[in-house]
Number of protein chains: 2
Amino acid sequence: MSADELEWIEDGGLLSVPGWRAAATRSGVKPSGGYDLALFVADAPCRAAAVWTRNALAAAPVVLGRERLRRSRTVRSVAINAGNANALTGPRGFEDAQRMVERTELRCGGPALVLSTGIIGVPLPIDKVLDGIDTASERLSAACPEAYDAILTTDTCPKTTAVEVELPAAGAAPAHRATVGGVAKGSGMIHPNMATMLAVVATDAPVESTALDALLRDAVDASFHEITVDGDTSTNDAVLLLAREPRGQETPIGPGDPRLPALQAAITAVMERLARTIIEDGEGRTRTMELVVEGADGTTQAREIARSVATSSLVKTALAGGDPNWGRILAAAANAGVEIDGSELALDIQGVRVFGAHGPNEYDARALAQAFAAPVVAVHLVVGRGAGRARMWTTDLSSDYVRINSEYST
Amino acid sequence: MSADELEWIEDGGLLSVPGWRAAATRSGVKPSGGYDLALFVADAPCRAAAVWTRNALAAAPVVLGRERLRRSRTVRSVAINAGNANALTGPRGFEDAQRMVERTELRCGGPALVLSTGIIGVPLPIDKVLDGIDTASERLSAACPEAYDAILTTDTCPKTTAVEVELPAAGAAPAHRATVGGVAKGSGMIHPNMATMLAVVATDAPVESTALDALLRDAVDASFHEITVDGDTSTNDAVLLLAREPRGQETPIGPGDPRLPALQAAITAVMERLARTIIEDGEGRTRTMELVVEGADGTTQAREIARSVATSSLVKTALAGGDPNWGRILAAAANAGVEIDGSELALDIQGVRVFGAHGPNEYDARALAQAFAAPVVAVHLVVGRGAGRARMWTTDLSSDYVRINSEYST
């Protein structure tokens with residue numbers, strides 16, 4: 001089943017999944033006074049899988065969430081606060097995260113997870129956050145677009161999407177429709193390994209734990225791990241995947257289940273669209289590059305090369321200027337610390353072959369400049385004869401990016 | 001002997017070293033019509049050592065230079081052209097570099113090396129360059145400041161320096177003074193492993209090959225490898241160290257020679273000053289960070305952490321904004337892929353302890369903001385109890401950086 005066969009739900013999001021409610025409030029953590037606290041609550045505990053940041057100084061809510069999922073794989077409610085990441089806040093930060101969990105479980109039902117995003121290194125104004133949880137918990141509703149807004153920081157738009165998918169009959173279970181919906185946040189510090197990016201994706205399909213882990217890992221590899229805004233990873237990144245627990249005699253979807261491929265396609269499609277929305281909202285973004293690297297010795301090598309190009313300041317400023325300075329792309333690729341077979345090297349920009357057969361190619365410079373000025377620029381790089389392939393989306397590095405990030409905490 | 005005991009030569013440069021002449025011309029390669037070709041010629045062949053770029057797609061002059069030095073360690077003349085890097089130019093690029101070498105040897109005496117800097121991926125206008133070598137070779141002079149200008153690209157000022165150093169008596173050789181002088185180029189793409197940076201340093205002290213290699217390696221480690229502007233390395237980086245050949249019965253300075261420490265101090269001081277001048281001329285730079293990482297498991301780990309901080313767009317934009325958002329420094333350090341001991345973590349900015357003893361510290365926010373607005377901001381990061389230490393200089397990421405690099409090739 002391809003993503004095209006999925007049925008997208010107009011204005012869909014996490015709340016498109018049956019059984020989910022949400023609420024939002026202005027807890028007063030964001031200096032702007034905007035919505036900054038969201039609760040997402042299922043009507044019964046869900047099976048949970050998560051991918052967390054690999055940053056060596058993971059924030060308190062990440063450390064706590066990891067521990068909690070190690071003990072129990074069920075989650076019913078998720079509290080997310082924006083404006084303060086509760087990261088690098090010492091022992092007090094862990095206490096604060098723990099208090100957020102307890103309050104959320106008290107008000108909304110547990111088990112609960114908490115996620116935080118915003119400025120790092122500043123203690124959480126915990127009383128405001130706890131009051132916010134109290135206030136929001138009285139407003140839980142199946143329709144609450146404010147909850148999608150409440151988790152944002154420098155984002156300029158909410159990130160949500162949902163699909164319906166037809167799952168085939170499996171054993172005693174007849175064919176049935178399932179929904180996959182998600183909400184995400186992120187615009188700066190987006191990078192493979194998911195810097196300062198939060199996403200919560202849920203489905204009403206019942207999934208068994210091992211299958212859920214594999215579904216999440218494959219979907220993240222084809223979505224959030226393929227985007228970069230500024231090469232940094234954050235202390236707080238998290239992607240949660242939550243699936244309804246089976247009811248009664250219902251058989252959950254496990255490894256080898258005929259329903260798995262369709263569900264995988266749906267979850268990947270949702271995460272891919274969330275990731276694309278994040279990259280399109282990249283801080284100061286005016287243009288996007290879709291980079292494909294092929295012919296590397298292996299996937300790891302292809303990813304290293306793609307990452308080196310996608311995080312190069314010189315490539316990203318050239319992209320900002322609409323300047324097809326393709327030599328920078330090759331120089332950045334060659335800067336990855338990976339062997340490159342110069343005799344196989346070929347580079348296409350928007351379908352125009354600019355380098356190949358051992359040297360620069362003849363091309364129409366004006367046509368190339370026009371192609372490079374497109375909102376999305378496709379770059380295809382062949383680095384050898386190997387089977388390694390990687391794809392990566394990256395934003396340009398514009399003056400606006402610098403302005404946004406120079407003034408963040410002031 | 002410390003660098004303080006060296007005698008700096010006012011307005012010194014490569015031409016301060018006795019026996020060197022230079023010439024410059026406007027070959028027409030730079031669209032601006034400025035000086036773009038320089039010749040540096042010694043009155044006799046010198047002993048040579050070089051550090052070349054590690055970029056996997058090294059430019060034609062780099063590949064050729066590497067080969068030539070492998071065959072013979074002597075160099076008498078160096079031709080440098082700016083405006084076109086002769087990189088990614090295929091087999092024709094190698095022919096062009098070879099023709100530059102031959103013409104330089106014909107006009108100035110060999111052996112010759114050639115270096116190129118400028119736009120990459122565009123064939124060299126070789127006839128202009130060869131004519132330029134002809135023209136310049138007729139003007140060789142012991143005083144030619146234009147030669148320092150002719151090797152620049154986006155640099156806003158020439159980079160030159162020279163010192164005199166007293167070498168002690170050694171065997172039959174009485175104590176004598178020696179001169180070390182150098183010229184460099186670089187402002188964008190500066191990074192450890194020396195992206196788009198050229199430097200030629202010469203001395204009239206006679207040095208034996210093995211000692212010369214060690215002198216160069218140690219000096220580069222303490223200078224050019226400690227600076228970064230934008231994290232990219234280029235196809236063309238090169239640092240040359242050229243020492244006079246011994247005359248008659250003269251004993252060259254070899255390993256263990258009592259003259260070696262003083263000479264090492266002089267060469268390191270010259271390269272350090274050239275590197276500092278490069279960082280101060282970093283593209284769009286308004287502020288510099290001097291970062292020291294201590295307590296890592298080893299030097300490699302310390303360097304990885306320093307590099308992760310020094311190349312972080314979020315750290316560099318905070319520096320541009322004079323914004324002491326120190327959480328970004330810790331997050332970037334933790335993003336290096338190296339274990340960090342959170343319990344030992346300590347961060348000082350301009351001597352103000354902002355993080356330590358397991359959490360954020362109390363400090364005067366206004367005083368910190370003022371300290372962070374200094375032209376050079378000292379950042380000291382302790383990541384554990386190991387012996388690994390690294391230092392790195394980095395520039396801020398300003399709107400001007402983006403402007404300069406968005407418009408480079410258009």
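**View 1. Two domains of chain A, with centres 32 Å apart.** In this predicted model, the C-alpha centres of domain 1 of chain A and domain 2 of chain A are separated by 32 Å. Domain 1 spans 3–280 and domain 2 spans 288–406, according to the domain assignment of chain A.

**View 2. Confidence along chain A.** The average pLDDT of chain A is 89, and 93% of the residues score at least 70. Residues 189–195 of chain A have a pLDDT under 50. For this stretch the model has 38 contacts beyond four places in sequence. For the complex, the predictor gives an ipTM of 0.74 and a pTM of 0.78.

**View 3. Helices H2 and H3 of chain B.** Helix H2 of chain B covers residues 90–108 and helix H3 of chain B covers residues 126–137; their axes come within 10 Å and cross at roughly 15°. Angles under 35 degrees count as roughly parallel, so H2(B) and H3(B) are described as roughly parallel to each other. Their crossing is right-handed. H2(B) contributes B:Asp96, B:Arg99, B:Met100, B:Arg103, B:Thr104, B:Arg107 and B:Cys108 to the contact, and H3(B) contributes B:Ile126, B:Val129, B:Leu130, B:Ile133, B:Asp134 and B:Ser137. By class, 6 residues of this contact are nonpolar, 2 are polar and 5 are charged.

**View 4. Helices H5 and H6 of chain B.** The axes of helix H5 (residues 209–221) and helix H6 (residues 260–280) of chain B cross at roughly 45° and come within 9 Å. H5(B) and H6(B) are therefore oblique to each other, and the crossing is right-handed. On the H5(B) side the contact is made by B:Ala211, B:Leu215, B:Asp218, B:Ala219 and B:Val220. On the H6(B) side are B:Leu260, B:Leu263, B:Gln264, B:Ile267, B:Thr268 and B:Met271. The contact of H5(B) with H6(B) holds 8 nonpolar, 2 polar and 1 charged residues.

**View 5. Helices H7 and H9 of chain B.** Helix H7 (residues 299–310) of chain B packs against helix H9 (residues 326–333) of chain B at an angle of about 135°, and their axes are 8 Å apart. H7(B) and H9(B) are therefore oblique to each other. The crossing of these two helices is right-handed. B:Ile305, B:Ser308 and B:Val309 of H7(B) meet B:Ile329, B:Ala332 and B:Ala333 of H9(B) in the contact. Of the residues in this contact, 5 are nonpolar, 1 is polar and none is charged.

Conventions
Residues are numbered from 1 along each chain as its sequence is written. Chains are lettered from A and ligands numbered from 1 in the order in which they are written. This is a predicted model: local features need pLDDT of at least 70, side-chain atom pairs count only at pLDDT 80 or more; totals for chains, interfaces and linings use all residues. Axes are lines fitted to C-alpha atoms, for helices over the stretch in contact, and angles run from 0 to 180 degrees between N-to-C directions. Helices (H or I, at least four residues) and strands (E, at least two) are DSSP runs, numbered from the N terminus. Angles under 35 degrees count as roughly parallel, over 145 as roughly antiparallel, 65 to 115 as roughly perpendicular and the rest as oblique. A crossing is left-handed if the near helix is turned anticlockwise from the far one by less than a right angle, and right-handed if clockwise. Two residues are in contact if their C-beta atoms, placed from the backbone, lie within 7 Å. Ala, Val, Leu, Ile, Met, Phe, Trp, Tyr, Cys and Pro count as nonpolar, Asp, Glu, Lys and Arg as charged, and the others, Gly among them, as polar. Domain bounds come from an automatic or database domain assignment. pLDDT is the predictor's confidence in each residue, from 0 to 100.
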